[in-house]
Amino acid sequence: RYINQMPSGQTFVDHLGRVLPVNPRNDLNWHRTMIWLTGWFHDPRFRYNITSWSLPTTQQTLIFGNLQYVASNSFVFGVGIAPSLTIRSLQGSWPYWAGSDRLMAEEFFRGGFSSGIWMTGQLAYRLDYNVSITNNISHLGVTQANDTRDLFYSGSLRWQPTTGEFGARNGFGDFEYHTRAATQFGVSMGQGRTNRGAPLDQAPNQRQIKLSDSLNPFELGALAPGVTVINLKYQELAVDAGVKYRGFAFQTEYFFRTLMHFEATGPLPLTTIYDNGFMAEASYMVLRRKLMVYTVGGYVFDDFRRFPWEAGGGLNYYPSDTRSWRLNLHLLHVNKSPVQSFFSYYNGGLPGTLFSVGSERVCP
């Protein structure tokens, strides 16, 4: 993937009035490799998944997995690495997204992946549930030595009332060309206390949560000069809806997040931080099984009154007439990005235009 964030020299002002630099990207990377090994032991109901995941942009390579036991369609039990069920795109739709990564609001509000246990299945006709308990909001960068006794709890409901499905992996776009409207509605939520995952004299290891100016709340001085937040409680709710019909697709999700119950080394000017916002995306298959055009957007209504937003769109071209290979062009205008992540599209505070060009290959 090639990505270019423009203009080259930028700064932004955080919620405390400090001027901070933005480091816009202009780079070409082998962006992501993911290998799944799946099967069953002795009994087809006893299943395993082993995943190799590599992200050269941040020089991270992991091997992880999970075990599942399928008792019935209503009860599937699992243990291992699992997502916090805070937004819809954490629940199996990758890599069938509009572009190669999540949109701004999704990336800002979401939780991550961690080790834990879960239960999923069909709650009623065309209504699925998923509940999980994990060690923390995100395992990435946090070793067991730095973790606490606090656990993270999350759950999700997904209703597909008209057709009982929503395309491959419930992903974005009507590549399948539904002749009957496929609909999906859902709610996801998560909560738990989160620790900075490092001693006070070191940088925080927990990096999943960001303030709306892209700062890590556990960094020294993030909420008040000279003060470090040690613990906080994260509470999030998201509702989503989507429809696919004759090559047209529309999906949206609205997010509500509260950070509260701060434990810090000194006084803070606030006791809670409440942010909410949305993402929306629409697409149309201009050429069936060959060319998709899409538009995306998002907005965050934040307590610091920065109001980050984005708008853009792109093209997906499928050379093999299948979802397994696509060429992607992605164009966005971003204002005051609340997301800081070198594997997403966004740099913290970014005001400007970015575009990326990439190729993705999925080998079934």
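This is a predicted model: local features need pLDDT of at least 70, side-chain atom pairs count only at pLDDT 80 or more; totals for chains, interfaces and linings use all residues.
Residues are numbered from 1 along each chain as its sequence is written, and side-chain values use heavy atoms, with hydrogens and water left out. Local features need pLDDT of at least 70 and side-chain atom pairs count only at pLDDT 80 or more, while totals for chains, interfaces and linings use all residues.

View A. About 930 Å² of surface goes to a nonpolar patch whose members include F41, F46, L67, F77 and Y153. To join such a patch, nonpolar side chains (Val, Leu, Ile, Met, Phe, Trp, Tyr) sit within 5 Å, and each residue has over 30% relative accessible area and no salt bridge (a Lys or Arg side-chain nitrogen within 4 Å of an Asp or Glu carboxyl oxygen). Accessible areas come from the Shrake-Rupley method with a 1.4 Å probe.

**View B. S89 in its loop.** Look between β8 and α1 (104–109) for the loop holding S89. Is S89 buried or exposed? S89 is buried, because its relative accessibility is 8% (buried is under 20%, exposed over 50%, partly exposed in between). Its side chain makes a 2.8 Å polar contact with the side chain of R102 (N or O atoms within 3.5 Å, one able to donate a hydrogen and the other to accept it; residues adjacent in sequence count only if both atoms are side-chain atoms).

View C. The whole structure has 16 aromatic pairs (Phe, Tyr or Trp rings, using Trp's six-membered ring, with centres within 6.5 Å; planes under 30 degrees apart are stacked, over 60 edge-to-face, the rest tilted). Y299 and F301 make a tilted pair, 4.7 Å centre to centre with 40° between the planes.

Methods. Patches are made of residues with over 30% relative accessible area and no salt bridge: like charges are joined within 9 Å, nonpolar side chains (Val, Leu, Ile, Met, Phe, Trp, Tyr) within 5 Å. Helices (H or I, at least four residues) and strands (E, at least two) are DSSP runs, numbered from the N terminus. Buried means under 20% relative accessible area, exposed over 50%, partly exposed in between (1.4 Å probe, protein chains only).
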